[in-house]
Every structure is written in C-alpha cells, then in structure tokens.
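Subject: Structure handover

Hello,

Here is the structure I promised to pass on. Please open it and keep it beside you while you read my notes below.

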Amino acid sequence: MAEDKREYKLRCQLIGHEDDVRGLCIVGESTIATASRDGTVRVWNEKDQRFDLATTLRGHSSFVGCVAWIPPSDEMPAGGLVSGGMDTNVIVWKMDSTEPVSVLRGHDLQVTSVVIGNGGEIFSTSVDSTVRRWKKGGASEVLKGHRAPVQAAVILPDDVLVTAGSTDTTIKYWKGSMFTKSLDAHTDTVRGLALMPNLGFLSASHDCTVKLWSYAGEQLLEMVGHTAIVYSVAGHLSGDVASGSDDGYCKIWRGGVCIQSLEHPGCVWDLQFLPNGDLVTACSDGVARVWTVDSSRYASSEEVAAFEASVSARKLQKKTVGGVKVSELPGLEALQTPGRSDGQSKIVREGDTAVAYSWNMKEYNWDKVGEVVEGPEDALGAKTLNGITYDYVFDVNIEDGEPTRKLPYNRGDNPYDTADRWLLNENLPMGYRQQIVDFILRNTGQQANSFMQLDDCFYDPYTGGNAYVPRQTSRPASKTASTYNLKHIPKTGITLFDTRTQTDGIFKKLTEFNTGSVALSSEEMERIQGMLQALKSTSHQSVFADADFEILTKKLFTWPVANLFPVLDFLRILVLDPQAANYFSRQKGFNICIDSPDVLLNLVKSAIQSPAPNANVFLSARAMVNCFRHECFQNWLLDSRSEIIDIFSQFSTSPVKNIRSGYAHLLLNYAVRVIGANDENAQLQVLSAAMEMTGPQEDDDINFLALQTIGSLVHSGLVKSVAKDLDIQSVADTAKKSKVSRIAEIGADLDYVLK
C-alpha cells in the first residue's frame, strides 16, 4: 500500500478579531463561527476559496470561549449558534439575526464548553464543576458528579453525554441526567473532547497527550508528541486526528503517529475539520486559519510569507539567552562602540540568534566568539544586561508603582563614575549619587578609600538586601539579584473610600431633596447635620443615639431612587464609624425596620434598580467596600458574597469609570478576605469575577486592580491549580506587554506566581 503523503498547507487566514480566538465551530458544510476573548462571536462565509466576515455577534460582557452550531429546525429554519463565556452566560443566536434569541443564566462561574444534543437540547460545562442541560424555555437541569471545573463535553451517537473534568482528571458518562460511569483517563487535567467518526472519541490533556477511546471507554491509542498543554483535539472521517497545544503547534496524527506539525504564532486554542477535510485552527494571535491538503486551494505565496513572518517574530520574541530576550539584545551596531578592557564580552543579536564577541585590545576590535546557545551566565560566567556582561547586575526599586531598574557594575570600576552614568541614563536625581555608591561598595565588599573620599552629607535610611530603595516599599526587596521580587502582589490590606471632605455638600443635597411625603422634620434634619459634622473627624469615634440611625433606616433609606445618591454617600462614610458598624451588625440579620433580611443590602438593591443614576451605583459599591473595615461585618460579607457580587457584576463593563472602579475595589477587598478565610469556592468566585474586568474595554486603573485581585488569589495557592482553566496565563502575558509600567510589572508578578 502506498504511503499517504498528504500534507496540510495554509489555505487562508481569518483576520478580524481583536484578541485570542478561543473557540470555533463548523456551520453546515462551509461556514465557520469563531469565539474570541474580544467578547464577540464572528461568522465567516466561504467565498472564492477564502472566508469573508459575514456577521459579528455581540452579547457577552466578557470574553467568549466556546461556540457550537444548532442545526436547522422548525424554530430556527436557518439554524443557529450557542456560545458561552467568562460572564457565566450561555447565549442562543439565530443565524439570520444579530440579536440574541435567549440568554441562559444559571452557572456561577465561566462557561467552558457548549454542545448540542441529538434531540436539540443544549449542554454546557463550567468552572463551577457542573454540567447544565438546557431545555426549551430556558429551564435547566444540573448534572453534578465532577469534583472540579468541567472543561469539555461531547455527545456520542447513542445520546450518551461524555464530559471531561479538570483536576479530577476523569472522563464521565451520562445517560439523560444520570451519571453512569467514570474513566481515569489522564494523569492531569482533561481539557478537550471530540468525536472520532465511526470509531469512538478523542481526549486532550494537560499531560501533553492525546488519547483515542472506543465509545464504551476502552483506550485504543495514545498520541505523544506535544511539549505543553494540549487544549483541543478533532477527528475526521479520513482517519486524520488534529490536536492544538500551548506549545504553538497543531499536530496531525495518522494511525497514532504524528506525520506533520503546523507551527503557529501563538497557542492553538481550538480546531475543527471542515467536511471536505480542510482544517480550521484558532490561535492566541487573534487569527483563525484554514489548512488544506488540496493544492488547488493553497494560499498565495505572499500570504504564506506573511504568515511565516508572524511565526518567526513569535519565535524571536520568545527566544531568550540567560533570561534576556534575543529580540531585546542590541544589534550589530553595538560593535561600533570600543570595549573598555581586553577580553570584555558583549552579546549582540544577529537575525534571530545571540552571538558573543570579545574585545581584543591589541587589534582594537571585537572578535567573534560564537553563537550563544546557553544563557550568558552559563556561557561566559558573568551577569548580562542588554547583551553586555558584568560582574554584577543589581535590582533597584525606586518606589512602589515604578519599574525595577537594573544597575550594572564591574568589580574594579570607579563606583562614582558608575553612579553618575547610571543616574544620567535613568534620568534620576543626582542627589542619589552617594547612596548608590554606598550600595555598590557594601554589596561588592569593596572599601571606599580604594576610590575616593565618601561625602558624609548623604544618608540612606532605606537600603537593604541586594536592592537599593530610595523610598520604603511595602515588602522587602529581593536578597539576590537573580531572585524575583514581587512588587504588587499579594495584596495584604483592604482598600477604603475614606474621603470625608464633602459632608457639607452631602447635607446640602439632602436638604434639596427633603420634600414630599418622605420629608424629614427640621429636628430630624438637624440630627442628620450633626452626624455629618461628627463624621468629619478622621478618628471615626463618634457618639450617636439609636434614634439617629433610625432616622436613616426609617426615613432616608426609603427615599425615591432618583434622590438616594446623597443618602448612599452618607452611608459610605457612616459604615466607617465603629459605633455605626456595631449598631447595624447587632441587629439580627440587619433587620432593623425594613421587611428584608439585610437593611443595607436592601437599600443597595433599591438604589441601583433600573433606571438608576450612575451615582447610585458607584456610591453603593463604595459603601460596600467600606464595610470591610470592621470585623463585625465580616461574616455577613462572606455569607452574602454571591448576592453582593451578583448585584454589581452587571456593571463590570459600564462606560462609567467610577462604577467599574467601585466594583474592582470591592472584588479586591473580597480577595483579601476569602484568602484569609481559606475558602476555595469563594476564591474561585472572586477570581472569575475579576477575570471579567480584564477585557480590552477596561482602562489601566481598573485593569491594575483586577490583576492585583487575580494575582493575590493565585499567590494564595488554593486556586492556582485551575489558573490554566481560567486562561490566567494569557492575561499575564497580555499585561506584560503593556506600555504602562505598573501593568507590565504586575503582569510579570502574575506570570511568576503562575510558574
């Protein structure tokens, strides 16, 4: 029998998404739907051997990770789509409309996959460890059996549902709503499932393997070849199997043997075969690609060249020597600068490789040593910065929120000259000169009199370890230059909205709104004014009577929604007061006078009911944030966590920054508290909510708060095992590329704790 030498080559690229393409599905014979971190689902129609963007569906409030095709039916003659995402929603769409048919709510955390049953019902899996079976009308049935996030599902021909779990590493079978059996399938997270036509089904895992199973659950093949997490797998009638991985490759398997590796410029999140045998891949660079074995459909040489250039750029970006990216090394022009001493080493970039040179003082030129295949520290026995080797490269923390600076130094150099050059290059005040010199001498074991007399007028009360810190930081600097120093995580204290300068303005607005049947008497208004004056004190040690609080709960809290924002600002300050906090908390269930178990929560619900003024929303969030100040509120905040987060999560993508900021601070405080409570489920909920705040529509301030929340939770350890499931590594990678220093730094922090 002749050897099958069919090879897949690029057919075309589907360019249009603004972020990772996370999921895709095939619609009918030749239409493709893609789901992305940019929050959209896009539909692409085949035209002249290419695929053109036909429709963009917007309905999710955060990134969309999965999409499935609904075949035509009486209700949907043209067919439809169903998508799921980070916002916990499952959305049903018609193919001939851009408006959602229905939004199915029920999951508590990210929806990871959606599949359509043979009877038309929808199944969805989630990080909340459940599978939901959605019936007509939106009612759902919950299938519980996994002990950890559920990542994938597939429907077998006999209507058996097969689901894959995360850290429980199992594959489970369901008939209807009944769990029937479980397979111990892999040694790590099971991430993807797919049918293998006429044979069985396939599974992909974090253990870097792909397995083929019979319908009954007997392992038939194991495919080993990927070097990182395998996220997705697909099978075709021809017998071909394709798998996508974080190693940047889509691998093609025939008979269990890898016969081709298609390199991509990023992680391959998902893939599917078209009925004609062509293959579609979804990549983290925001592009979906179609591959074919039919030479008549090959892409043009120009498009192939552009694709290969993107792959080369990624390889260069990732390639490092000694922790230094090759792409960041100086080019050959650096060799135009003479060396300082005979034998001095310098590493430069030549193409996509790092090449070492040595300074020849006699010939007065740079002699080529050779390509650096190990890190510079291993190859040359010294520290490297920007391709130049030094005896020392110190970490220098200027202040919190500022990037770490690198201070290079060669033993024997004059530390005063080194300090002068470094301060000028870093655009820092020369007033730091003596402190820099002291630091160099102390950490290199040299004596001051070896160079010049020290000037005693400079005093450095802040330095410590192996990092110079002109201003005290929130945590100690690293003890060695090679030890990474976390700058922004974990967050160890709560945040508060504690400004009290506008109490006169609050009272003025209360007076303006004090009309109609809910108006307070002049005596009551005087008591309110007295409370506001007392709250101006930074000590928050006021003396109030129960009657003062009852004026709020019986009168002010019942004002019309449009007039509530000064009441909410009053409450924001009031809950900071110990006496007020104790008063509210000692009321059983906070049931003071309103027919609700929580008078504070009831007020917030009333204040932000649609259409509510924007001020009501962000002031309500700030009041909730300030409740974290006192211990007496802690049990209530934790017990009411789901309800409170749900109330504000609907505003996670609000165009009003103050609203998003209030919600982001609320999540950050919750992170601090649930870490202290050592509650894994609570941490997962806060983590998922914070992930929704990292979308492309957010600004730097909000993104920083969300990243600090995520980083602190991952740092705690309880939820680190599901970090990959929530795509946190992608969030860290994106943050590290930011031009905003603190975002890049916290991205690096998050990347470090993930590893």
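**What I found**

The protein exposes about 32000 Å², and carbon and sulfur atoms supply 47% of that area. Please remember that this is a predicted model. The protein has 755 residues, and 54% of them count as buried. It holds 18 helices and 38 strands. Take the contacts between residues at least 6 apart in sequence: 51% of them join residues at least 24 apart.

**An open sheet**

Start with β1, β28, β27 and β26. These four strands form an open sheet in that order, with antiparallel pairing. β1 (9–15) and β26 (268–273) stand at the edges. Each has a single partner strand, so one side of each is left without a neighbour in the sheet. From one strand to the next, the twist averages 20°. What holds strands together in general? Strands of a sheet pair through backbone hydrogen bonds, either parallel or antiparallel. Here, β1 and β28 (residues 287–292) run antiparallel and are joined by six bridges. To find the pairing on screen, look for Lys 9, which stands opposite Thr 292 in β28.

**A covered strand**

Next, go to β32 (residues 353–360). Is this strand mostly covered or mostly exposed? It is mostly covered, with seven of its eight residues buried. β31 (residues 345–350) runs antiparallel to β32, and six bridges join them. In this pair, Glu 350 stands opposite Thr 353. β32 also pairs with β33 (residues 365–371), again in the antiparallel sense and over six bridges. There, Tyr 357 stands opposite Lys 368. β32 and β33 form a hairpin with four residues between them. Look at Tyr 364 in the turn, which has a positive phi of about 55°.

**Salt bridges**

The count comes to 20 salt bridges.

- Arg 11 and Glu 46 meet through their side chains at 2.5 Å, N to O. This pair links distant parts of the chain: Arg 11 is in β1 and Glu 46 is in β4 (residues 40–47), 35 residues apart. Arg 11 counts as buried because its relative accessibility is 2%, under the 20% cut-off. Glu 46, at 36%, counts as partly exposed.
- Arg 37 bridges to Asp 19, with the closest N and O atoms 3.8 Å apart. Arg 37 lies in the loop between β3 (31–36) and β4, and Asp 19 in the loop between β1 and β2 (21–27), so the pair ties together parts that are 18 residues apart in sequence. Both Arg 37 and Asp 19 are buried.
- Asp 751 and Lys 736 meet at 3.4 Å, N to O. Asp 751 is in helix α18 and Lys 736 is in helix α17, 15 residues apart. Asp 751 counts as buried at 9% relative accessibility, whereas Lys 736 counts as partly exposed at 37%.

Some salt bridges share partners. These join Arg 11, Glu 46, Asp 278, Asp 294 and Arg 297 into one network.

Helix α17 (residues 728–736) has buried residues, including Ile 728, Val 731 and Ala 735. What do the buried residues of α17 pack against? They pack against β26, α15 (680–691), α16 (700–716) and α18 (741–754).

Finally, turn to the surface. Leu 199, Leu 220 and Leu 221 form a nonpolar patch with about 210 Å² of accessible area together. Leu 199 is in the loop between β18 (190–196) and β19 (200–205). Its relative accessible area is 38%, so Leu 199 is partly exposed.

Best wishes

Notes
Residues numbered from 1 in each chain as written. Predicted model: local features only at pLDDT ≥ 70, side-chain atom pairs only at ≥ 80, totals over all residues. Heavy atoms only, no water. Helix = DSSP H or I, 4+ residues; strand = E, 2+ residues; numbered from the N terminus. Buried < 20%, exposed > 50% of the residue type's maximum accessible area, 1.4 Å probe, protein only. Contact = heavy atoms within 4.5 Å. Areas by Shrake-Rupley, 256 points an atom, 1.4 Å probe, with all protein chains shown as cover. Pairing = 2+ DSSP bridges. Axes fitted to C-alpha atoms, helices over the stretch in contact; angles between N-to-C directions. Patch = residues over 30% accessible without salt bridge, like charges linked within 9 Å, V, L, I, M, F, W, Y side chains within 5 Å. Salt bridge = Lys/Arg side-chain N within 4 Å of Asp/Glu carboxyl O.
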